[in-house]
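Subject: Handing over the structure

Dear colleague,

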There are 2 protein chains.
Amino acid sequence: MDLIPLPHRIEPAEGFLELGDDFGIEAGPGTEDTARWLRATLGAATGLALPPRKGDEYDVLHLSVRPGLDAEAYRLVVAPHGVHVQGGSPAGVFWGVQTMRQLLGPDAFRRAPLPGRTWRLPLTEIRDAPRFRWRGLMLDVARHFTPKEGVLRHLDLMAAHKLNVFHFHLTDDQGWRIEIERHPRLTEIGSWRARTKTGHRASPLWEDKPHGGYYTQDDIREIVAYATERHITVVPEIDVPGHSQAAIAAYPELGNTDVIDTTALSVWDTWGINPNVLAPTDNTLRFYEGVFEEVLRLFPSEFVHIGGDECPKDQWRRSETAQARIRELGLADEDGLQSWFIGHFDTWLAARGRRLIGWDEILEGGLAKGAAVSSWRGYAGGIAAARAGHDVVMCPEQHVYLDHRQDPGPEEPVPIGWVRTLEDVYRFEPVPPELTPEEARHVLGTQANLWTEVMEDQARVDYQAFPRLAAFAEVAWSALPAPAERDFAEFQRRMTAHYRRLDALGVAYRPPTGPLPWQRRPGVLGRPIDGPPAGR
Amino acid sequence: MDLIPLPHRIEPAEGFLELGDDFGIEAGPGTEDTARWLRATLGAATGLALPPRKGDEYDVLHLSVRPGLDAEAYRLVVAPHGVHVQGGSPAGVFWGVQTMRQLLGPDAFRRAPLPGRTWRLPLTEIRDAPRFRWRGLMLDVARHFTPKEGVLRHLDLMAAHKLNVFHFHLTDDQGWRIEIERHPRLTEIGSWRARTKTGHRASPLWEDKPHGGYYTQDDIREIVAYATERHITVVPEIDVPGHSQAAIAAYPELGNTDVIDTTALSVWDTWGINPNVLAPTDNTLRFYEGVFEEVLRLFPSEFVHIGGDECPKDQWRRSETAQARIRELGLADEDGLQSWFIGHFDTWLAARGRRLIGWDEILEGGLAKGAAVSSWRGYAGGIAAARAGHDVVMCPEQHVYLDHRQDPGPEEPVPIGWVRTLEDVYRFEPVPPELTPEEARHVLGTQANLWTEVMEDQARVDYQAFPRLAAFAEVAWSALPAPAERDFAEFQRRMTAHYRRLDALGVAYRPPTGPLPWQRRPGVLGRPIDGPPAGR
């Protein structure tokens, strides 16, 4: 059956259930959206109408919620005369249906039926449930913009891999990608740049072509609705107080006007840690409260990501306004100012029933109890957060930063960072052994991150994401043994079938034999780091 | 209602029909695919399940074929308690449903329901039928590759504009894009190039990045099936005997080996008319018969396009092999050789029940009666063809080559050719007045062509195609008055609504106010031609 991610328990039987024109769906309460998704997606692939049917008929797919199961757990039974998918909640039903789609073969992932295809399911009984409740993918649409339909495509690919949190990195020095009605210059000015560095920041090459784009609020509503139908939560990220040059270029008064000429800033066109940082003024707080008010109206997610990473301090050191603020607030230094900034929005979000999440730098100043941490600089931040009682999403750059190269070979396009092969990702363990079981309960889950400095288009993102995201999905979903005991050969065997699914989906993955000629980027400087990852 | 293309007759009434959860579809014989399309597409946009319903119930969309109507004609009646779409064939029903989708408002073109939306149709009766049976769009995927899902997207955009012929330009000097099982090097070698000229061929700039990609045969089958469901015919083009450098690079023996070193050729990386041409040998004929055998298996269309344009003659003049062939066949010169080459495949296709179509150069040597012509160098070729009894598709470069710039302003990206504004396209007339009514019957229709030398990605293609393709669709479908009498102001008024539909579809069109900053290409040389188009 070659399922990915691997289900908890599979009991195969002899024989098949053939799906004919009569094959229909009985959608129990709460599963109507999944039935509609099936008619649209599987209906397109197979040409079957999948009409509504009654429970006492043959050749029916019965979808139902069975409260005894965990919310995302499901039971899938393919019997000679019908199929049952029972989930602990509508989400569980949806994940069960994803498994069923894989059982139908790779052509079930196309958008129109190939001539002469017939459709059958192997008889089986599958019981399954995810290991983690947060199975995330972060997409950076700031460095390189992904148009709306590309985002919807990512959500489809996530659903097919049972990933359920889309961390939407919407703003950065290089672009502001979400329409904010009260601050229109954020997109008028902040959503495009005149040129872009090609490769690592040390590269001498430029793409001398304007780059830009943003999502209207209706686009965002559509993306959120589309994700919700696929039981994916969208967690928006508005990065503060660093990574904000695009916003400062649009509204110079957000910057430290007493130490630099903020009116001379434009959206950044290269990579790295930018020295520009938001001024710690009441004006800045009010401005971003306005931004977050609109963000909260668009995104219903419990968590809202405020970035908080790589905050530069030099301008604050030199700014009399910032220093006055430090004195006024009785803070020790600029680190305190950063904490005050994050703390302001922590309180602000909590008062509105939301929870703040930020990169692990936000830990440094203490946080409200409900705040959570994306542990990216290794496990340490996550361990500290869990021990302090904060929830954690484990996404250490040493393991699941998919911009890092996946092979040591010389033909890897724009090689960045450590070599993280498919096997390395397969052996990634989100819960470090240092944590007690009590502490480990704070690990909500794990997330792979797609930073797009060196991924200029969808094909490049596909190449970096796949096949490794399939291994990541299995780490996040399946109850695998300890890293050293994981059966990578068996996973690779299943991947043979999975590559056919990715082909049908039109995913431009890295082939096991290495990049195709047009996937290479000869002459573009990367920044490969040799040896095993530093830190963990 | 602001429909585009404009229907033949609209009788609006007072009031609306609200679409609720009960709203269902009664699909008459032959309309099942359209019902499935509605559930997938309109179901996704609205969140409505659109279940199968019986004819005697309220709140039903009745789809039916009514043989009395012309095949593509339809009648759409929105009454207080239900909707009727009757078509002369399943295609007519499908076009009627496209009109109904526009009546629902722009959000009916999204892929998930925006929160709080309700859905209603204005009461009306519409009678409609197309002016032409060939309402085409050509996409050049050889100069810049469009991945499979981009092709499917073009088919969706065509369907929304009631266009029904997709001319798929699959091979050219710069790339071979279709898997041919018996000649694997066509894609192994021919589907990619190491670098690409940026801008017009006189530009000094290069994109120093490999470019490539191709469709597997399963991808082609999926594309054809997807098009068929949308009542779009896919006409494949395999360009011979010129525009063949990619094939010669893959199989050097296809070239004129006695006058050039064909083993030194690679896939072409710049634009213009390439001097390389297929050798007029039996080996070449057998090779391409093999190609066309696989093409015929994949594409069921009546017409198969063999290119035939811009055939260079210099190598044939110098080649002893070519000259011997001219003598052997008793031909006058190299023009005769070109005709012989086209004639061979004309006969070969006719013997297999297909009809050849080629660019108007193929007229020069006489053609089988069933062959047809794409008139691109103005109307003259089409007029001559029609007078000789050949069918014609009118696609004069002076009017409907959408790579030509759409505004005289300095900010137009990589300006090519004559200024062809939205209004110019709206006033394009496919049938020249020179033709008698009898001759004019040979004008099958018209086609807009998207050559992609200066369109490197989907956003650039969108920019050149839209909004002009909307005007073109109206020219191809609607019974408009003579060009000078067409009410462009009224069309523009309807475009205001249509831009909202394009927004919902995620189309990166040229705004009426000019290119957005990131749609510009400063510093890239184009080749604008001043004044009105030469020729007609």
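This is a predicted model: local features need pLDDT of at least 70, side-chain atom pairs count only at pLDDT 80 or more; totals for chains, interfaces and linings use all residues.

**Backbone features of chain B**

B:P5 lies in the segment before β1 (9-19) of chain B, where helices (H or I, at least four residues) and strands (E, at least two) are DSSP runs numbered from the N terminus. The peptide bond that joins B:I4 to B:P5 is cis, with an omega of about -5°. Another cis peptide bond joins B:V240 and B:P241, with omega at about -10°, and B:P241 is placed in the loop between β15 (233-240) and α6 (245-250) of chain B.

Residues are numbered from 1 along each chain as its sequence is written, chains are lettered from A and ligands numbered from 1 in the order in which they are written, and side-chain values use heavy atoms, with hydrogens and water left out.

**Where the two chains meet**

Contact, meaning heavy atoms within 4.5 Å, involves 50 residues of chain A and 50 residues of chain B. The size of an interface is often given as the accessible area lost when the parts come together. Here the buried area (accessible area, taken with a 1.4 Å probe, that two parts lose on being put together, summed over both) is about 3,700 Å², and carbon and sulfur atoms give 55% of that. On the side of chain A, the residues that lose the most area to chain B are A:R36, A:R111 and A:W518, which together account for 19% of what that side buries.

Between chain A and chain B there are 12 salt bridges, each being a side-chain nitrogen of Lys or Arg within 4 Å of a carboxyl oxygen of Asp or Glu. In one salt bridge the side chains of B:R117 and A:D218 meet, at 3.6 Å from N to O. Which elements give two or more residues to the side of chain A that touches chain B? They are α1 (32-46), α3 (148-160), β14 (211-212), α5 (217-229) and α17 (488-505) of chain A, and the largest share, 7 residues, comes from α5(A). By class, the residues of this side divide into 21 nonpolar, 8 polar and 21 charged, where Ala, Val, Leu, Ile, Met, Phe, Trp, Tyr, Cys and Pro count as nonpolar, Asp, Glu, Lys and Arg as charged, and the others, Gly among them, as polar.

**Salt bridges in the whole structure**

A search over all chains finds 112 salt bridges. A:E72 forms a salt bridge with A:R135, and their closest N and O atoms are 2.8 Å apart. Because A:E72 lies in the loop between β3 (60-65) and β4 (74-79) of chain A and A:R135 in strand β7 (residues 134-140) of chain A, the pair ties together parts that are 63 residues apart in sequence.

With best wishes
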